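Dear colleague,

I am passing on the structure below, and I would be grateful if you could read the notes under it with the coordinates open.

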Amino acid sequence: MKSKVIGTVSLVVAAAGLFAATAPAFAQQKTITVWWVKGFYKSEDEALAETIKKFEAKTGIKVELSQYAIQDMIPKTVAALDAGTVPDVAYSDSYDVQVQGKWAYEGKLEDLTDVMDPIKGRFVQNTLDASILYNDVAKKKAYYGFPLKQQSMHVQIWNDMLEKAGFKQSDIPNDWTGYWSFWCDKVQPAIRKATGQRIYAVGQPMGVESTDSFQSFYTFMDAYHVKLVDDDGKLLVDDPKVRDGLIKALKDYTDTYIKGCAPPSATTWKDPDNNVAFHNKTIVMTHNFTISIAAKWYEESQNQNLTPEQREAGKKAYEQDIVTASFPKAPDGPTIKYRSDVKTGLIFTAAKNKAEGKQFLSFLLQEENIRPYIEGALGRWFPVTKESQESPFWQADKHRKAVYTQFKGGTSQFDFTRNWKFTILNNENVWAKAMNRVVSEKVPVDKAVDELIARIKQVAG
């Protein structure tokens, strides 16, 4: 396997030709290029590298792997599209949310039905649905992506801080209004009194450059049963019930900040910042679209480069102090049905080695290859295959069990899977802009919602 080191990215890979002696002679000269997002954990990259080694040994096809930081993946891919030098296979955590629907619509993506149809019985239906996109050139829907992993919304709580404030987990209300009042009106003053520090109760992501902010706001919309598009992607925002639900969701989301129960810097947070605030214990709880917060402490508990004291601190945080929980019940009583963001990779129609690229995908998506990659993320990603979801890995501790239970409760798709123009709205982060109109520019909530609806209609109508 030939690999590139991009910036500070170091890959654990074998030298090219390691398996040449066992590879079929007819395939010796064939090379495919694979662009892949840099893993959050070393174990992810190691699992990918191991799969590539096995693929090379079995097929004789060489893989030139380049890994990039997530913020670099889309700009580099767009530049490659413009230059006509696209990779044979590409994957980024950001593709599905920001660009893949648009590329499918424009006819730039290869139909992967021949890869997915023979194996679709192994995959959970919601992950297949998210991979079926509309091609306006071919005038059809098809697999213009392959499902790799998925994520959803979770709440992370410092239980030791909650106890220091004089409360137990059993004290946390499960009704919508009581839940948010509990953190703001009870926990925050109590933890400040107990510590003498300016600690905030809630990490409420609101930054325009944060995907956490729009994913979190979708959960608030779902609490009020706001449906922006129908199953065919047509807008429903002219329905007065949609406007009313948006007003309630935006008011609840911004009230926490206006009441002083979220850090002032939350309006400019980027994706890592609520994690950092949580790790530094300047907030008691936050909502996050993976359990990467808890998993960070697990990773430290296993890191042999740290001192025994640091590893023990990581173990205590992961096993005792941090809680992975769900949102409260919706305001009208039922359990919220969470959105699942199914992460999908792709092959471009302009790729030079599509057949070999599809061969690599078929190999990667085999159970014995995809499972180590997903589990290498330490619970940050949930599997897309039925068998992997039932792996003992997801019953190994309380955090993974919480993720398992939440996904098994059923999920729904994001709007961009039905109407690709929502990727534009997500790139703009119209949701966070509406929040900031309210909290920073003091615009009334109903006016901010009317502006939001107008922009949705302008872009996605």
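The notes below cover a sheet, a helix beside it and a pair of helices.

This is a predicted model, in which local features need pLDDT of at least 70 and side-chain atom pairs count only at pLDDT 80 or more, while totals for chains, interfaces and linings use all residues. Residues are numbered from 1 along each chain as its sequence is written, and side-chain values use heavy atoms, with hydrogens and water left out.

Helices (H or I, at least four residues) and strands (E, at least two) are DSSP runs numbered from the N terminus. Four strands form an open sheet of mixed pairing in the order 9-10-8-11, where pairing requires at least two DSSP bridges between two strands. Strand 9 (200-203) and strand 11 stand at the edges with a single partner strand each, so one side of each is left without a neighbour in the sheet. Strands 8 and 11 run antiparallel and are joined by four bridges, and Trp 158 has Ile 322 in strand 11 as its bridge partner.

Elsewhere, Glu 44, Ala 47, Leu 48, Thr 51 and Lys 54 in helix 1 meet Glu 368, Asn 369, Pro 372 and Tyr 373 in helix 15.

Best regards

Technical notes:
Contact means heavy atoms within 4.5 Å.
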